[in-house]
Amino acid sequence: LKQIMNNLKADRYIFDGNTTFNIDNITAIIKADLSIAEVSAASILAKVSRDRYMQKKSLEYPNYQFDK
C-alpha cells in the first residue's frame with residue numbers, strides 16, 4: 001500500500017471503509033462510494049478487475065467455481 005501511495009502523490013487519500021491501516025494522509029470514510037464520485041468510480045473499476053481476474057482463475061481451478 002505504501003508503495004502505491006509513493007507512486008501516486010497526493011495530499012490526501014480517501015479509503016472506503018473504517019481503517020487507515022495506520023498510514024498518514026488516509027481518510028477512511030464508511031460508504032464513501034455513495035457520496036464521492038471518484039471513490040464510486042474506483043470501486044467499479046476494482047470490481048471489474050477482480051471479476052476478470054477471477055474468471056481467469058476459474059480456468060485454472062474449475063472446482064472452485066470462481067466464475068460464478
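Tyr-61, Tyr-64 and Phe-66 form one aromatic cluster. Rings of Phe, Tyr and Trp (its six-membered ring) pair if their centres lie within 6.5 Å; planes under 30 degrees apart count as stacked, over 60 as edge-to-face and the rest as tilted. The model is predicted, so local features need pLDDT of at least 70 and side-chain atom pairs count only at pLDDT 80 or more, while totals for chains, interfaces and linings use all residues. Residues are numbered from 1 along each chain as its sequence is written, and side-chain values use heavy atoms, with hydrogens and water left out.

## Overall form

The protein chain has three helices and two strands, in the order α-β-β-α-α from the N terminus on. Helices (H or I, at least four residues) and strands (E, at least two) are DSSP runs, numbered from the N terminus.

The radius of gyration of the protein chain is 15 Å, whereas a compact globule of 68 residues would have a value near 11 Å. The radius is taken over C-alpha atoms, and the globule rule is 2.2 Å times the number of residues to the power 0.38. Along its principal axes, the C-alpha trace spans about 45 × 25 × 20 Å. Of the 68 residues in the protein chain, 13% are buried. Buried means under 20% relative accessible area, exposed over 50%, and partly exposed in between (1.4 Å probe, protein chains only).

## Aromatic pairs

A pair of aromatic rings is described by the distance of the centres and the angle of the planes. Three aromatic pairs are found in a search of the whole structure. Among them, Phe-15 and Phe-21 form an edge-to-face pair, with 6.0 Å from centre to centre and 65° between the planes. Phe-21 counts as partly exposed because its relative accessibility is 48%. Tyr-61 and Tyr-64 also form an edge-to-face pair, with centres 6.4 Å apart and planes at 70°. Tyr-61 is partly exposed at 40% relative accessibility, while Tyr-64 is exposed at 60% relative accessible area.

Tyr-61 lies in the segment after α3.

## Salt bridges

Side chains of opposite charge can pair when their charged atoms come close. Here a salt bridge is a side-chain nitrogen of Lys or Arg within 4 Å of a carboxyl oxygen of Asp or Glu. The search of the whole structure finds two salt bridges, and the table lists them.

| Salt bridge | Distance, N to O |
|---|---|
| Arg-50 and Asp-51 | 3.1 Å |
| Glu-60 and Lys-57 | 2.9 Å |

Arg-50 is partly exposed, with a relative accessible area of 45%, and Asp-51 is partly exposed at 39%. Glu-60 and Lys-57 both lie in helix α3, three residues apart, which is about one turn of the helix. Glu-60 is partly exposed at 49% relative accessibility, and Lys-57 is partly exposed at 21% relative accessible area.

## The largest pocket

On a 1 Å grid over the protein atoms alone, a pocket is an open set of points with protein on both sides within 12 Å along at least five of seven lines, whereas a cavity is a set of points where a 1.4 Å probe fits but cannot get out; lining residues have an atom within 4 Å of a point. Grid points are joined across faces, edges and corners, and a volume is the space filled by probe spheres set on the points.

The largest pocket has a volume of about 180 Å³. Its lining consists of Ile-14, Phe-15, Asp-16, Asp-33, Glu-38, Val-39, Ala-42, Ser-43, Ala-46 and Lys-47. β1 (13-16) and α3 (37-60) each supply at least two residues of this lining, and α3 gives the largest share, six residues. By type, the lining divides into five nonpolar, one polar and four charged residues. Ala, Val, Leu, Ile, Met, Phe, Trp, Tyr, Cys and Pro count as nonpolar, Asp, Glu, Lys and Arg as charged, and the others, Gly among them, as polar.

## Positive phi in the loops

Most residues other than glycine have a negative phi. Asn-22 has a positive phi, near 55°. Asn-22 is found in the loop between β1 and β2 (26-29), and counts as exposed because its relative accessibility is 76%. Lys-31 also has a positive phi, near 65°. The place of Lys-31 is in the loop between β2 and α2 (32-35), and Lys-31 is exposed, with 54% relative accessible area.
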